[in-house]
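Dear colleague,

Please find below the sequence and structure that I am handing over to you. My notes on what was found follow directly after.

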Amino acid sequence: MAVYKSKGIVLRSIRYGEADRILDLYTQDAGLVSAIAKGIRRTKSRFGARLEPLSCVDFVAYQGRTLHTVTQAETLRSFHGIREDLARFDAAAGIVRTVRALSGGDEADRRVFNLLYHGLDSLESRDAGFGTVEAAFGLKLSMLAGYAPQLDACVGCEAVPEETDGRLYFAPNLGGVLCAECRTESADTFPIPLEVLDRLRALIRNPIRDVPTDEILGESVRRVVRSHVLAHAPGNLLLGPSTPGTRRLA
Ligand SMILES: [Zn+2]
C-alpha cells in the first residue's frame with residue numbers, strides 16, 4: 001500500500017463509530033479522496049488537526065481499496081470564519097457541491113485545489129458578495145473541467161450577442177448563449193439579459209479574490225452558473241451527496 005503526503009481541503013467530515021471520522025478531501029496530489037481518520041475523536045488523539053469541514057490540512061495517508069487511511073494531519077488553515085457565519089457557509093457549501101459535481105475521481109489537478117483554496121480565502125476575508133464568489137467559482141471550475149460556457153457568440157450561428165436584437169437566451173445543455181433566431185422552443189433555455197452576460201464575463205476575467213462585493217444581478221448570475229454546472233456534472237452528482245467509498249480511488 002502506497003503511503004503519500006499531500007495538502008487537502010476537507011469537503012466533508014462525518015463521525016464514524018466511537019472515535020473515527022470519515023472524510024472527503026480535495027487533495028493537491030491525489031484529487032478527490034475518501035479517507036478514514038481512526039481515533040481522531042479521542043481526547044488523546046495524536047492528530048494535530050481536528051479535520052473540520054473546509055479546513056486545509058497537511059496530511060499523510062496510505063491508500064486502501066475503498067478508503068484511504070489518514071495517519072497524520074496538521075491544520076494549515078482552518079477557515080473557521082466561514083463555518084461560523086451562515087451566509088459564508090452557504091456559499092462554501094455551494095462551492096463544495098460544485099467541486100463534487102465537476103471533479104471526477106482521482107485525477108489530481110492542482111489548479112482545482114488552488115481555486116478551491118482561493119475561493120474559501122475570498123469568502124473568509126470579505127464582508128459581502130459571498131454569492132458572487134460562489135458563482136465565480138462555478139464558472140472558473142467549469143473552465144478548468146473543460147466546460148467553459150460560450151458567452152461571446154451564439155452557440156448556433158456565432159452571432160455576437162451585442163450585434164443581435166438583444167433577445168438572448170442561455171442554453172445549459174448546449175453550454176452557452178443562443179440568439180432569438182437559433183433558440184428552439186424545446187430546449188431548456190431561459191432569457192439572459194446582456195447585463196447578466198457582461199457580469200458573467202467579468203467574473204471569468206477577474207481573479208476570484210477580486211470579484212465584486214455587491215450582489216447586483218446576483219440571482220440571475222447564479223441561475224446561469226448553477227444550470228450550466230448541473231448540465232455538465234457527470235451523473236448529476238449535484239442532486240445528492242455521494243457516498244464515501246463508492247468513488248473510484250487511486
Ligand atoms: Zn444564433
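This is a predicted model: local features need pLDDT of at least 70, side-chain atom pairs count only at pLDDT 80 or more; totals for chains, interfaces and linings use all residues.

Strands here are DSSP runs of E with at least two residues, helices are runs of H or I with at least four, and both are numbered from the N terminus. Two strands are said to pair if DSSP finds at least two bridges between them.

Residue numbers start from 1 along each chain as its sequence is written.

Overall architecture

The protein has six helices and eight strands. Their order along the sequence is β-β-β-β-β-α-α-α-α-β-β-β-α-α. Along the principal axes, the C-alpha atoms fill a box of roughly 70 × 35 × 25 Å.

Of the 250 residues, 39% are buried. A residue counts as buried if 20 or more other C-beta atoms lie within 10 Å of its own, as exposed if there are 12 or fewer, and as partly exposed in between, with C-beta atoms placed from the backbone. Among contacts between residues at least 6 apart in sequence, 62% join residues at least 24 apart; a contact requires C-beta atoms, placed from the backbone, to lie within 7 Å.

The barrel

Five strands close into a barrel in the order β1-β2-β3-β5-β4, with mixed pairing. From one strand to the next, the twist averages 50°.

β1 and β2 form a hairpin with three residues between them, and G17 in the turn has a positive phi of about 60°. Within this pair, L25 in β2 is the bridge partner of V10. On to strand β3 (residues 31–37), β2 is joined by seven antiparallel bridges, and I22 stands opposite I36 in β3. β2 and β3 also form a hairpin, with three residues between them. Six of the eight residues of β2 are buried, so this strand is largely enclosed by the rest of the structure.

β1 also pairs with β4, in the antiparallel sense and over seven bridges; here K5 has V60 in β4 as its bridge partner. β4 pairs in turn with strand β5 (residues 68–77), again antiparallel and over seven bridges, and the two form a hairpin with five residues between them.

Where does Y62 lie? Y62 is in strand β4 and stands opposite T69 in β5. Y62 is partly exposed, because 13 other C-beta atoms lie within 10 Å. Although Y62 and K5 are 57 residues apart in sequence, their C-alpha atoms are 8.7 Å apart.

Helix α3 (residues 110–125) lies across β1, β2 and β4 (56–62), running at about 110° to β2. For such angles, axes are lines fitted to C-alpha atoms, for helices over the stretch in contact, and values run from 0 to 180 degrees between N-to-C directions.

The open sheet

Three strands form an open sheet in the order β7-β6-β8, with antiparallel pairing. Its edge strands, each pairing on one side only, are β7 (176–179) and β8 (190–191). Two bridges join strand β6 (residues 168–171) to β8, and F170 stands opposite F190 in β8.

L168 is also placed in β6. L168 counts as buried because it has 23 C-beta neighbours inside 10 Å. Beyond its neighbours within four places in sequence, L168 is in contact with residues including V177, C179, P191 and L197.

The α5–α6 pair

Helix α5 (residues 194–205) and helix α6 (residues 218–232) pack at an angle of about 70°, with their axes 10 Å apart. The contact is made by V196, R199 and L200 of α5 and S220, V221 and V224 of α6. The two helices are therefore roughly perpendicular to each other, the class for angles of 65 to 115 degrees; angles under 35 count as roughly parallel, over 145 as roughly antiparallel, and the rest as oblique.

With kind regards

Terms used. Two residues are in contact if their C-beta atoms, placed from the backbone, lie within 7 Å.
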